[in-house]
Amino acid sequence: MADTVQYRLERMVDELDDLERRGLFTHYEIAEIVKQRRKFEYRLKRPSPLKQDYLAYIEYETQLDSLRRLRKKSVARDMKNKGNKKMKMSVSDFAGVSRIVDIYRLAVLRYKGDIELWFRYLEFCRERRNGRMKKVLAQLIRFHPKVPGVWIYAAAWEFDHNLNVAAARALMQSGLRVCPASEDLWVEYLRMELTYLNKLKARKVALGEDKGTLVRDHRVAEEQQWRDENNGAFMLLDEEMRNVEGSKVNNGESEKKMDLFREQGLNILKTIYSGAIEALPSSLGLRKRLFEILEATELAHSEEIRKEILSDMKRDFSKDPEYWDWLARLEMTYSRTTKDTSEGIMSPQLQKAVQVYEQALQFVPSPILFNLYAKFFMDAVAPKREENQLSKLSNHAEDIISYLLTIYEKAETFGCITEDLACEYVSFFIQLGRLDEAGKLADKFCNGNFSDSVKLWILRASLEIRCFTNNIPGPSKVDLRSIFGLFRSVLTKVSISEAEDLWMMALKFFATEKYYLDKLVEMSFVSVAKNGGSDNGFSLPCAIVNSVLQKDGIQEARETYKRFLALPRPGLALYKICIELEENLASSGDKGCLGNARKIYESALATHKQNVRLWQDYHAMEVKWGTSETANAVYWRARKTLKNSAAFVAYSDSL
């Protein structure tokens, strides 16, 4: 290994001498470069070099070559000011790039399956234009023929940089033969062919033999539509009329000529479209992307092919709710070209979208479709408003709001309403400010099919609390009993992890009501006994202990956490908060609290004896508040108990 490294370093002698002779680096800097390169070369000659070793070497050489180029420019500028000739190219100008390419070559041979490393290699070759691009692309295609991005990258380089359309087309077609199920390949192949055709047309336009492009300009279409709609609204002079008639004659003559480029574009689109749907007959995303390309391109008979694609999509995806949602939103995209701003009625485009959704309900009345249907109308009602501002909308949105409520009712009638849709239904009433109706609806759902839905119970509880807190005197005893009964009915049958928000809401609401807070504490004992505590995340015992501490003081909090610790599986989070509570009291001078903290640590370690962090905290407490004997006892117990005590020893040594 040493001989190989020494041989590679000796091959750098000419380059290093040239750098020193031209004054780009000093003798000391050259020695430092040799030292760094020797270190990197030894890393690469290890039995199993890491990918990071190659990347670090490449990063060093890249920065070194950038510094060389900057210093060369500075030296060349000084020579020019002195009237000397320009610096000639020498071995040091090529050695840096050649070495980086060689390191990349070794790296990709070592890690052949790393696509990211291959693309970094390709980007370097493309930026430096060292003539190795084709060779590297050929190697990458040979190792990874099943990766569509490789074929797309190779074709894009041939098309954009090498200006070889035939080679790019051959690469795309080869990629489609190997990866016929790749949507990206089909889309990029069509985009490449249409781009090439548009370039040919642009060249004809530049030569004055043609006009226009294949790119559809929506502004021209809108202007023409406006002129057609307002054709009879203006009086033209005789001369202008004659000019218009003459232009119409010229336009008629030009329309008779066959636009070969648009016809050719249509044929390309048809060919690629037929091949794509044959290879991927069940891909809705591919159809949508091909349709978007058609919409952005001006082709001959584009309306016919548009209808054909839409007809094929309806035939193949009539049972897919996403297709109907896409089709409805497609109808809405044309609303930007209309000037209908009538109040109180839906626009024609929105009515067309509604017709699409209603037709979809005949084919696939599913919960997913109703969700998409409702989301579409929510976007139509308030696309840029806050959730609590729907009640402030102008009158023209009332019809849309009433229709959205009809959609929710239909979903309920069809039996397609889900938990999320029910929550949206209730939330929409809340956003409209109709709290009574929202409360009745939430009560209906919570007592019906969604009795186990925590989201709906949270909505219902928040509505009840909002209604009672809005009263000036505050909630009465009857109100408090009603709200507590609501919380009890759901908290006793839902697990703690699912009802976290409900528990926090109940503790916050009853924080000043000792009678109901005590009842919540008793309920929490039952829930923890049934479900156990939590080691991470939300811990109900911790929340209860904190609430009792704030309301009744340390003695009641201590009695509460002792009851929790007596339950099976109280959870590590509870142990930690109890220890923190006792340590805070011990820091104020209460010696008895230190003993309580030791007892809690011992109880926690009986269950979590391999928890390194727990041992570290125990030892740190003894070092801070205990004696040297107790600290050493905990230290040696931890080293004896822990299977992997290295982390504990390192932490303890830092104390």
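This is a short tour of the structure above, one selection at a time.

**Before you start**

The model is predicted, so local features need pLDDT of at least 70 and side-chain atom pairs count only at pLDDT 80 or more, while totals for chains, interfaces and linings use all residues. Residues are numbered from 1 along each chain as its sequence is written, and side-chain values use heavy atoms, with hydrogens and water left out.

**Stop 1: the whole chain**

Show the chain as a cartoon. You will find 32 helices and zero strands. Helices (H or I, at least four residues) and strands (E, at least two) are DSSP runs, numbered from the N terminus. Of the 655 residues, 41% count as buried. Buried means under 20% relative accessible area, exposed means over 50%, and partly exposed lies in between (1.4 Å probe, protein chains only).

Among contacts in the chain with a separation of 6 or more, 62% are between residues 24 or more positions apart.

**Stop 2: the nonpolar core**

Select Val426 and Leu502. In the largest nonpolar core, which has 192 residues, these two touch the most other members. Such a core is a set of buried Ala, Val, Leu, Ile, Met, Phe, Trp, Tyr and Cys residues joined through side-chain atoms within 4.5 Å. In soluble globular proteins, nonpolar side chains tend to be buried together.

Stay on Leu502. Which residues does Leu502 touch, not counting those up to four places away in sequence? Show Val454, Trp457, Ile458, Ala461, Phe487, Val490 and Leu491 to see them.

**Stop 3: Ala543**

Next, select Ala543 in helix α26 (residues 540–552). Ala543 counts as buried because its relative accessibility is 11%. Leaving out residues up to four places away in sequence, Ala543 touches Met504, Leu507 and Phe538. Try the distance tool on Ala543 and Leu507: they are 36 residues apart in sequence and 8.3 Å apart in space, C-alpha to C-alpha.

**Stop 4**

Ser92 sits in helix α5 (residues 91–110). Is Ser92 buried or exposed? Ser92 has a relative accessible area of 1%, so it is buried. Beyond its neighbours within four places in sequence, Ser92 is in contact with Glu15, Asp18, Leu19, Arg22 and Arg68. The C-alpha atoms of Ser92 and Leu19 are separated by 6.4 Å, although the two residues are 73 residues apart along the chain.

Then move to Asp53 in helix α4 (residues 51–81). Asp53 is buried as well, with a relative accessible area of 6%. Apart from residues up to four places away in sequence, Asp53 touches Arg43, Leu44 and Arg46.

**Stop 4: two loops**

Select Arg129, found in the loop between α6 (115–128) and α7 (133–143). Arg129 counts as exposed because its relative accessibility is 71%. Its phi is positive, about 50°, although Arg129 is not a glycine. Most residues other than glycine have a negative phi.

Leu163 is your next selection, in the loop between α8 (148–160) and α9 (165–178). Here phi is near 55°, again a positive value in a residue other than glycine. With 64% relative accessibility, Leu163 counts as exposed.

**Stop 5: the last two helices on the tour**

Finish with helix α31 (residues 628–641) and helix α32 (residues 646–653), whose axes come within 9 Å and cross at roughly 160°. Axes are lines fitted to C-alpha atoms, for helices over the stretch in contact, and angles run from 0 to 180 degrees between N-to-C directions. The crossing angle makes α31 roughly antiparallel to α32 (angles under 35 degrees count as roughly parallel, over 145 as roughly antiparallel, 65 to 115 as roughly perpendicular and the rest as oblique).

Which residues make the contact? Show Tyr635, Ala638 and Arg639 of α31, together with Phe648, Val649, Ser652 and Asp653 of α32. These residues divide into four nonpolar, one polar and two charged. For that count, Ala, Val, Leu, Ile, Met, Phe, Trp, Tyr, Cys and Pro are nonpolar, Asp, Glu, Lys and Arg are charged, and the others, Gly among them, are polar.

Terms used. Contact means heavy atoms within 4.5 Å.
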